[in-house]
Amino acid sequence: MSKILVTGGAGYIGSHTCVELLNDNYDIVVLDNLSNSSEESLRRVQEITGKSLTFVNGDIS
Ligand SMILES: O=c1ccn([C@@H]2O[C@H](COP(=O)(O)OP(=O)(O)O[C@H]3O[C@H](CO)[C@@H](O)[C@H](O)[C@H]3O)[C@@H](O)[C@H]2O)c(=O)[nH]1
């Protein structure tokens, strides 16, 4: 299955996107600097879907 990079994936729109992608069996890597979110949202994404993701705390700018 394809791997998808989700920038801002810990945020509101990003975390909902992560749920949909995981439910469609994509592997996802979330890149987020947590400037307007927390890792708690990603914990919930994994709890809701029963699937794991890779999180990278960082900034590409
Ligand atoms: O340089 C940056 C800027 C943002 N982020 C992350 O990107 C994600 C999304 O950023 P944000 O602009 O907060 O978008 P949303 O999460 O979609 O939140 C917006 O939409 C929500 C729902 O309407 C509102 O509640 C928020 O206030 C509003 O910022 C967040 O996890 C941020 O931590 C980065 O990683 N790097």
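A backbone N or O atom of glycine 11 lies 3.0 Å from an oxygen atom of the ligand, in a model that is predicted. The backbone oxygen of this glycine 11 also lies 2.7 Å from a polar atom of the side chain of serine 15, a residue found in helix α1.

**Ligand surroundings**

- The residues that surround the ligand include Gly8, Ala10, Gly11, Tyr12 and Ile13, and also Asp32, Asn33, Leu34, Ser35, Asn36 and Ser37.
- In the side chain of aspartate 32, an N or O atom is 2.5 Å from an oxygen atom of the ligand, and a polar side-chain atom of serine 37 lies 2.6 Å from an oxygen atom of the ligand.

**Serine 15**

- Serine 15 counts as buried because its relative accessible area is 12%, which is under the 20% cut-off for that class.
- Once its neighbours within four places in sequence are left aside, serine 15 is in contact with Gly9, Ala10, Ser41 and Val45; Ala10 is also one of the residues that surround the ligand.
- Computed along the chain is not the whole picture for serine 15 and arginine 44, which are 29 residues apart in sequence while their C-alpha atoms are 9.0 Å apart in space.

**Helix α1**

- Helix α1 covers residues 12-23, and at 1.5 Å a residue its 12 residues should span 16 Å, so the 17 Å between its end C-alpha atoms agrees with expectation.
- The buried residues of α1 are Gly14, Ser15, Cys18, Val19, Leu21 and Leu22, and what covers them includes the strands β1 (3-7) and β2 (27-32) together with helix α2 (39-49).
- An α-helix has 3.6 residues a turn, so residues three or four places apart point the same way.
- After α1 comes asparagine 25, whose phi is positive, near 70°.

**Strands β1 and β2**

- Strands β1 and β2 pair in the parallel sense, over 5 bridges, and one of the pairings joins isoleucine 4 to its bridge partner in β2, isoleucine 28.

Key:
Residues are numbered from 1 along each chain as its sequence is written. This is a predicted model: local features need pLDDT of at least 70, side-chain atom pairs count only at pLDDT 80 or more; totals for chains, interfaces and linings use all residues. Side-chain values use heavy atoms; hydrogens and water are left out. Helices (H or I, at least four residues) and strands (E, at least two) are DSSP runs, numbered from the N terminus. The expected span of a helix is 1.5 Å times one less than its number of residues. Buried means under 20% relative accessible area, exposed over 50%, partly exposed in between (1.4 Å probe, protein chains only). Contact means heavy atoms within 4.5 Å. Two strands pair if DSSP finds at least two bridges between them. A residue is near a molecule or strand if one of its heavy atoms lies within 4 Å of it. A polar contact is a pair of N or O atoms within 3.5 Å; within protein, one must be able to donate a hydrogen and the other to accept it, and residues adjacent in sequence count only if both atoms are side-chain atoms.
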